[in-house]
Amino acid sequence: MTGSRTKSRRIMISELFIVRHPFSVCVPADHKVTLRVRAEGKGILHYQWFTEDDEEVFAGNKEDLTIQAKKSQLYICRVSDNFCNCVFSDWVKVKVLDIDKSGLPIHWQGEPHIAVSPKPQTVRLGKKLTLNCAAFGIPTPHYQWYRNGQPLQDKTTGMLQIDNATAEHEGSYLCCISNILQETWTEPVDVDIATDKVALLIGNLNYSHHPALMAPIMDVHQLANLLQQLGFRVVSLLDLTREEMLAAIEKFIQLLDRGVYGLFYYAGHGYEHAGRNYLVAVDAPQPYRPENCVCVQRVMRSMQEKQTALSVMLLDTCRKWYNQDCIPSGIMPLGPTGNTVYGYATCEDAEAFEVQDGGKSTGLFTKYLNAHILQTEKVTHVLERVSEDLGRDPLVTGKQQVEIKHTLKEPRSLADPVQTAGHTRELHLRDACWRQANKLPRKKRRMFVCGVEVEVSFSALFSNVLMAFATVKTKGPRTQDCTVTLSSIPAMEDIFSGPGRSEEMDSLLFTKSENTDSTLRLCALQKLTESLVIKVQIHYTDMDSKLRQTESQQVDIGKPLVASCKLHRRNHTTPAKKKEGASAQSMGNITSSKPRLHQNQAGPFTRKAECAAKVAVTRGNEPEENDENEL
């Protein structure tokens, strides 16, 4: 039959010809379809319909072929006369879409009806972009894709595909669908290219009214370094009050937008109440209430409202149930949103532990998290590996187990590359303080009257902890036995040193340079309300008089690191003002007289902050969850 078909097309005789060819259609499954062909010739004309495999269609011997469409199939019709002449119609396709047809009108006439609409999405840089659109239509509809109102050349099928997505492919997409009966359009959808990755890390350890912790120092420090390797812009903070936590979270939320990966990490005391998780601030009273803490679900809701490409919440804290007699106020959920991930250090009504061994301390969840976080696989797969490792740890068998909750609809990885150039101007205009939060003061040199020259340089341990170093660069011609000390105005408390903190812990956090003559650690920079001044004092023996002499100069470094973000402005109360000129001083070794840290002990130490009293009150007079509108 194939040969005769080809020959008839090649030898087209004028006595027999087709005046109307059938046309392709796109219909739902089991829809009744009629294919029509019209021909002219001498005498009686005969018709036979065939499928693409040259099979004759049963009862397909008329000019109209009516079928119940079951699957997509090609058809052709042969028209012949009694003079051994024949001619074939064009091939046509009956395309069957086995999808929901509930919206199809009862008396549908074949005008384009959109069955599948494109969906908004965020695409990783360099990955494949795919948008799908499908419509029923008789005849089969024609597709034309548009980006930002401009037609896209050669994008004329139901699937738009771009193999290597770049910043120029970001925009608003829609598709025009038409046939001879009608034209219709899809709703526009936004396609975002991953534009930024930002992380806020908070570690609370020196509690005013609860057991102090040790591990958050190392946990936050190491995780911050790993996230920076993954391309995250990280702000890491230690020992925040509730007001400072909320202020930092507000700054963090302002950076989130379409295409942004946002990660929030917390290590410290916490608890769970009525299915919600609360982070205990360092100033939380004993007993504490929800209004003294930060509600995790409110933070995640704020992240979701920004329609981020990925929102990750990692919580190395306890989830013991407290205040179960309280009736919580409502958190209105958003509509279904995807690409959110919760990684809990432990399951409901259970504790999370940190292990202390000499000067080394780490939360078990973060220990295994840091071991896997650089992997390029999906973030939920990384957390599954963390769960498996912690589950094998004999120290917490039957006590602690990771819990993972997520709504990932795309294979997101923390290692995904991002496009940060050319289309994030609005974001960069809003994140000036975030970038400033990691900007170090410049090196300063001071020349003293005696001829000694000292260089002061800086390094950041955390976004609110600054290291200052003093190095004698030039010795005076008539000086000997020169030493340098550093102090600050106003005084900034050193939270790292004191009983229970070994030299080994200090060495893990900071390796002192052999050439450094003095160091000063400046903590709690978020509390700064004025410029920070470094006082440099030199002590030396005058070779002429043989007397010990002292000279001093000051270095104004402004508001370094997170101090520039002015987190203190959120505070509703003003702390007692410190004495003018008070200073924190160091003599090379970093020390402190305040014994705030928990004593070292072997084995796991819980991150549960015991609530000494349980107050049963009615909802009417309970100041429940005053953070309702805090974020």
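**Strands, helices and rings**

Modeller: Let's begin with a strand pair: β33 (residues 465–474) and β35 run antiparallel and are joined by 5 bridges. Strands here are DSSP runs (E, at least two residues), helices are runs of H or I with at least four residues, and both are numbered from the N terminus. Two strands count as paired if DSSP finds at least two bridges between them.

Colleague: Before we go on, what kind of model is this?

Modeller: This is a predicted model, where local features need pLDDT of at least 70 and side-chain atom pairs count only at pLDDT 80 or more, while totals for chains, interfaces and linings use all residues. Residues are numbered from 1 along each chain as its sequence is written, and side-chain values use heavy atoms, with hydrogens and water left out.

Colleague: Ok, back to the strands. Which residue in β35 is the bridge partner of Leu 466?

Modeller: Leu 522 is the bridge partner of Leu 466. The sheet has 4 strands in the order β31-β32-β33-β35, is open, and pairs antiparallel. β31 (444–447) and β35 (518–522) are at the edges with a single partner strand each, so one side of each has no neighbour in the sheet. From one strand to the next, the twist averages 25°. For angles, axes are lines fitted to C-alpha atoms, for helices over the stretch in contact, and angles run from 0 to 180 degrees between N-to-C directions.

Colleague: What about the sheet with β23 in it, what's the strand order there?

Modeller: That one is open too, with 3 strands in the order β23-β24-β25 and antiparallel pairing. β23 (270–273) and β25 are the edge strands, each pairing on one side only. Ignoring direction, neighbouring strands are turned by 30° against each other on average. Between β23 and β24 there are 4 bridges, and Tyr 271 has Tyr 278 of β24 as its bridge partner.

Colleague: Which strands of that sheet does α3 touch?

Modeller: α3 packs on the sheet by touching β24 and β25, and its direction makes about 30° with that of β25. α4 also touches β24 and β25, with its direction at about 45° to that of β25. Contact means heavy atoms within 4.5 Å.

Colleague: How many residues of α4 are buried?

Modeller: In α4 (residues 296–305), 8 of the 10 residues are buried. Buried means under 20% relative accessible area, exposed is over 50%, and partly exposed lies in between (1.4 Å probe, protein chains only). Among the buried ones are Val 296, Arg 298 and Met 303. Those buried residues pack against α3, β22 (260–267), β24 (276–280), β25 (293–295), β26 (310–316) and β27 (340–344). After α4 comes Gln 307, with a positive phi near 55°.

Colleague: And α5, which of its residues are buried?

Modeller: They are Leu 364, Phe 365, Thr 366, Tyr 368, Leu 369, Asn 370 and His 372. That makes 7 of the 9 residues of α5 (residues 364–372).

Colleague: Switching topic: how many aromatic pairs are there?

Modeller: There are 5 aromatic pairs. Why is Trp 108 with Phe 136 edge-to-face? Their ring centres are 6.5 Å apart and their planes are at 65°, so the pair gets that label. Rings of Phe, Tyr and Trp (its six-membered ring) pair if their centres lie within 6.5 Å; planes under 30 degrees apart are stacked, over 60 edge-to-face, and the rest tilted. Trp 108 sits in the loop between β9 (92–97) and β10 (113–116), and Phe 136 in β13 (residues 134–136), 28 residues apart. Trp 108 is buried at 10% relative accessibility, and Phe 136 is buried at 0%.

Colleague: Last one: which residues does Leu 227 contact?

Modeller: Leaving aside neighbours within four places in sequence, Leu 227 contacts Ala 199, Leu 201, Phe 232, Val 234, Leu 263 and Ile 373.
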